[in-house]
Amino acid sequence: MGAKMLWISVWVLFLLWGSCWGRFVVEKNSLKVTSPDSLKGIYECAIGNFGVPQYGGTMVGIVAYPKDNQKACKSFRDFDISYKSKPGGFPTFLLVDRGDCYFTAKAWNAQNAGAAAILVADNKVEPLITMDTPEEEDTKADYLQDITIPSALISKSFGDSLKKAIENGDMVSVNLDWRESLPHPDDRVEYEFWTNSNDECGPKCDSQVQFVKNFKGAAQILEKKGYTQFTPHYITWYCPEAFLLSKQCKSQCINHGRYCAPDPEQDFSKGYDGKDVVIQNLRQVCLYQVANESGKPWLWWDYVTDFAIRCPMKEKKYTKQCAEEVIRSLGIDLKKINKCMGDPDADEENPVLKAEQDAQIGKDSRGDVTILPTLVINNRQYRGKLDKTAVLKAICAGFQETTEPAVCLSEDIQTNECLENNGGCWQDKASNITACKDTFRGRLCECPVVKGVKLVGDGYTRCEASGYGRCEINNGGCWKKTHEGKTYSACVEDGCKCPPGFKGDGINKCEDVDECKEKTACQCSGCKCKNTWGSYECSCSGDLLYMKEHDTCISKKASTEVGWSFLWVILFGLVIAGIGGYAVYKYRIRSYMDSEIRAIMAQYMPLDNQEGQIHVHHGDI
């Protein structure tokens, strides 16, 4: 028993020694005091690692400091105190003192009393720290996953100032702001989940298993559609050199003490050992790498979920055989996974686990990973309870505004501000067009693109169509009317202009022009003018025909006679041309034949003018 306790003590000291050299980053949000004037300003506070921080959003409330139960270590029902807001009233942010009980107990009691958030004032002058959940062996933590209000730790000096203002009767109004607690640079969120395959570590392990089951669907959709890039990680430690040959180190570590995990049951005499956990962690890392290489990284979620269901420690199924059965059922290449895992008994580094240890060290704005489980979103450690909705909200806060996927705009994740008074943005009810764009962080008043046409304006009071195709949208805001089966529009590419036959501003009004009355058409002798909507009709009396181009009347008979005479002239011309062409053709044929005959005769019969001529061909070269 003494040796066992000594080893546990050494193990705990080793873990503390390892973490003291790390760089732990306290994740913060801002708190803005809007009243009283003496406290106006922006203050920092540390986000608690429980409850549900409103990542990407804000909360406005009134600070209250209890006269009794000021450390909130007891239920406020015992003091007949309630902080539930009345209809139309501001939410209550309960200010309590640090000390005497766990941070989570304070938050739980504040939540049950009706507080919307809890502010814990530090009891000593020090840098802000992260309020974490208690160790399971110290308390029954069944209520931890039921804490839903956000929590924040504030400095002692700021807490004292708030208390003094409340004691003086001032209304202390504050705004808790998490909008910049997570970076949101672009349209893809990168996040890591630091976890453990151990399912015998109490409520924390149970919450991890339940979270993976609940979050699997959302995670896989986000990954498959390219919205996120997810990477699982696993923490390991190395065994102190002085204990490398000890029985305990050999049972908790692989690769000769290089990669270790605590005993699952904290009892070295029974159950599974820490080395079993390390090997299963290694298998899960390799499975992710093989699945990622095949273009299906989301299979990790299927494996971890199925393994937790089919291979639990409690049923003595936490084995290699059970793990490999799950892998085969998912169609993942088992040989590649085993090759990736290497030899756990070799006295050498395992490149996969070495990379995991290196990844534990913080870089840039992210601190070292020292808490399990830990979620890292866009290189910032998530603080809050491990819950599907809470984590999904945090991931949604990591998208650049207007680039978030549809799942981030669902009713259970955020409130659609465009549903109330159209968000205060411009809208065209007739065409059902609005400039209000719902986002996870709120709403934007931005003139939309409709049917390929960009509307231009401030988005609040005005949005107008511009460019090619503008007339397709609400007729470009111009006049348009249909009458007696005819439709006329004043919309042109560069504005609004009444069409020919109409006059007006082109926007609200275009009136028919009476060409007959205004004597702008059909004014020839013998013409009869009749006005129509958007045009006119002009006719001639008797056998006269109206020619609109010349605004004149001509005789139908004369035009017919002229037409036939012209036709006869054309026909006569064609006949003469044909006869002439034939004569020329005959002449050319006769001339050609004569020349050919003379050429043939010249070859066989000397002509008169060639007599006496002798042609001699010598064989000279």
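## Helix α6 against α9

Axes here are lines fitted to C-alpha atoms, for helices over the stretch in contact, and angles run from 0 to 180 degrees between N-to-C directions. The model is predicted. In it, helix α6 packs against helix α9 (residues 334-341) at an angle of about 125°. Their axes lie 9 Å apart. That angle makes α6 oblique to α9. The crossing of α6 past α9 is right-handed.

On the α6 side, the contact uses Ile279, Leu282, Arg283, Cys286, Leu287, Gln289 and Val290. On the α9 side, Lys336, Ile337, Cys340 and Met341 take part. By class, this contact of α6 with α9 has 8 nonpolar, 1 polar and 2 charged residues.

## Helix α6 against α7

Helix α6 (residues 274-293) also meets helix α7 (residues 299-310). The two axes come within 9 Å and cross at roughly 150°. Angles over 145 degrees count as roughly antiparallel. α6 and α7 are therefore roughly antiparallel to each other. Their crossing is right-handed.

From α6 come Gln280, Arg283, Gln284, Leu287, Tyr288 and Ala291. They meet Leu299, Trp300, Tyr303, Val304 and Phe307 in α7. The contact of α6 with α7 divides by class into 8 nonpolar, 2 polar and 1 charged residues.

## Helix α4 against α11

Two packed helices are described by the angle between their axes and the distance between the axes. For α4 and helix α11 (residues 388-396), the angle is about 30° and the axes are 9 Å apart. Angles under 35 degrees count as roughly parallel. α4 and α11 are therefore roughly parallel to each other. α4 passes α11 in a crossing that is right-handed.

The α4 residues in this contact are Phe211, Asn214, Phe215 and Leu222. The α11 residues are Lys388, Val391, Leu392 and Ile395. By class, the contact of α4 with α11 has 6 nonpolar, 1 polar and 1 charged residues.

## Cavities

Rolling a probe the size of a water molecule over the atoms shows where empty space is left. The model has 2 cavities of 30 Å³ or more. The largest cavity has a volume of about 150 Å³.

This largest cavity is lined by 15 residues. Nearest its centre lie Asn196, Ser197, Val209, Val304 and Ala308. Which elements each supply at least two residues of its lining? They are β8 (189-195), α4 (203-224) and α7. The lining of the largest cavity has 7 nonpolar, 6 polar and 2 charged residues by class.

The largest share, 4 residues, comes from α4. By class, the lining of the second largest pocket has 10 nonpolar, 6 polar and 7 charged residues.

## Backbone exceptions

Most residues other than glycine have a negative phi, and most peptide bonds are trans. Which peptide bond is cis? The bond from Ser35 to Pro36 is cis, with omega near 0°. Pro36 lies in the loop between β1 (28-35) and β2 (41-47).

Asn378 is not a glycine, yet it has a positive phi of about 50°. Asn378 is placed in the loop between β12 and β13 (380-381).

Definitions and conventions
Residues are numbered from 1 along each chain as its sequence is written. This is a predicted model: local features need pLDDT of at least 70, side-chain atom pairs count only at pLDDT 80 or more; totals for chains, interfaces and linings use all residues. Side-chain values use heavy atoms; hydrogens and water are left out. Angles under 35 degrees count as roughly parallel, over 145 as roughly antiparallel, 65 to 115 as roughly perpendicular and the rest as oblique. A crossing is left-handed if the near helix is turned anticlockwise from the far one by less than a right angle, and right-handed if clockwise. Contact means heavy atoms within 4.5 Å. Ala, Val, Leu, Ile, Met, Phe, Trp, Tyr, Cys and Pro count as nonpolar, Asp, Glu, Lys and Arg as charged, and the others, Gly among them, as polar. On a 1 Å grid over the protein atoms alone, a cavity is a set of points where a 1.4 Å probe fits but cannot get out, and a pocket is an open set with protein on both sides within 12 Å along at least five of seven lines; lining residues have an atom within 4 Å of a point. Grid points are joined across faces, edges and corners, and a volume is the space filled by probe spheres set on the points.
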